[in-house]
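Morning, everyone. Please bring up the sequence and the structure, and we'll walk through them together.

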Amino acid sequence: MNLLNKSLLYESAEKYIRRFGTRDPYAIADGLGIEVLFRNDFAKLKGLYRVIQRNRFIFLNENLPEQVQTLVCAHELGHDAHHRNLADDSPFREYVLYSMNTRPEYEANLFAASLLLPDDEVHKYAREGYDVVQIAAMMNTDINLMLIKMGDMNSRGYSFNTVYTPRSDFLSR
Amino acid sequence: MKFGEKIKDARVAKGMTQADLAQAVGVSLRTMVSYENGDCYPKKREVYGKLAAALGVEVNYLLTENEEFINAAGEKYGHRGKKYAQQLITEVSGLFAGGDMDEADLDAVMKAITDAYWIAKEKNKKYTPKKYRKADKE
């Protein structure tokens, strides 16, 4: 597997945003020709990415809150962009959003964070003195995703005071 | 459990011989033997109904999603379609073998993947060269 560096993931998300003129993961999936299927019978499973006979599919759990669905969809887009070779017709990989203990899962989360959360907006709220929890709430996203985002921004020259580390398994909760 | 094993178990539980069951269903003994060995599956849907009635089990028990799916894929897309469908099912089962995922999700994922398979096949049609396109049934 190719190890990607962080800036490459950020860049790839930015590229999609420029190309499609939106941060909406559903619109981007549509533009890329990925079929997004909502399933109402998934229990714990949040989402799944899989290539079937050269067609790319994202399966989403319909019962999840909308905010989580969007996050999962963005996460799966990250798999599509960077790990399609792993999900190809060769044996099925652990393409379940379970933990960030594996490299692809972490990369997909970082991709999702870059796609859904604009730098300047996060920066603006942080300058106004809000803390991570408040910013995450205002931007209608998961705290852990926000932490990943801020960690990434720090590595690109911002300096947020992140006292918390993101839970590695937040998507499986 | 495989289709053949299901039939065998149910038949033995009822104290029937293979010949009894074959007669009750209206197939030859040889056919019944190959069902149980897993060499072949009934092609007609009504045979499943007769088997279920003779054995006193649910049709759906015999006709699980997967076998029906694999058969349907074979019917529609021939040998290669069937092989690929089989492979898909094996892979999905493999995904759950690790025990990391919820058992209840297995069926759901199977269903999702099999549904997607038909969509994929339908979408791929437009890449089939005209001369290879079958005069479509639909």
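Along the sequence, the pattern reads α-α-β-β-β-α-α-α-α-α.

Some ground rules. This is a predicted model, where local features need pLDDT of at least 70, side-chain atom pairs count only at pLDDT 80 or more, and totals for chains, interfaces and linings use all residues. Residues are numbered from 1 along each chain as its sequence is written, chains are lettered from A and ligands numbered from 1 in the order in which they are written, and side-chain values use heavy atoms, without hydrogens and water.

Now, burial. Of the 173 residues in chain A, 52% are buried. Buried means under 20% relative accessible area, exposed means over 50%, and partly exposed is in between (1.4 Å probe, protein chains only).

Next, the cores. A nonpolar core is a set of buried Ala, Val, Leu, Ile, Met, Phe, Trp, Tyr and Cys residues joined through side-chain atoms within 4.5 Å. The largest has 40 residues. A:Leu77 and A:Leu145 are among those with the most contacts inside it. A second, separate core has 24 residues, including A:Phe57 and B:Met110.

Last, disulfides: pairs of cysteine sulfur atoms within 2.5 Å. The count over all chains is 0. A:Cys73 is buried, at 0% relative accessible area. B:Cys40 is partly exposed, at 27%.

Note on methods
Helix = DSSP H or I, 4+ residues; strand = E, 2+ residues; numbered from the N terminus.
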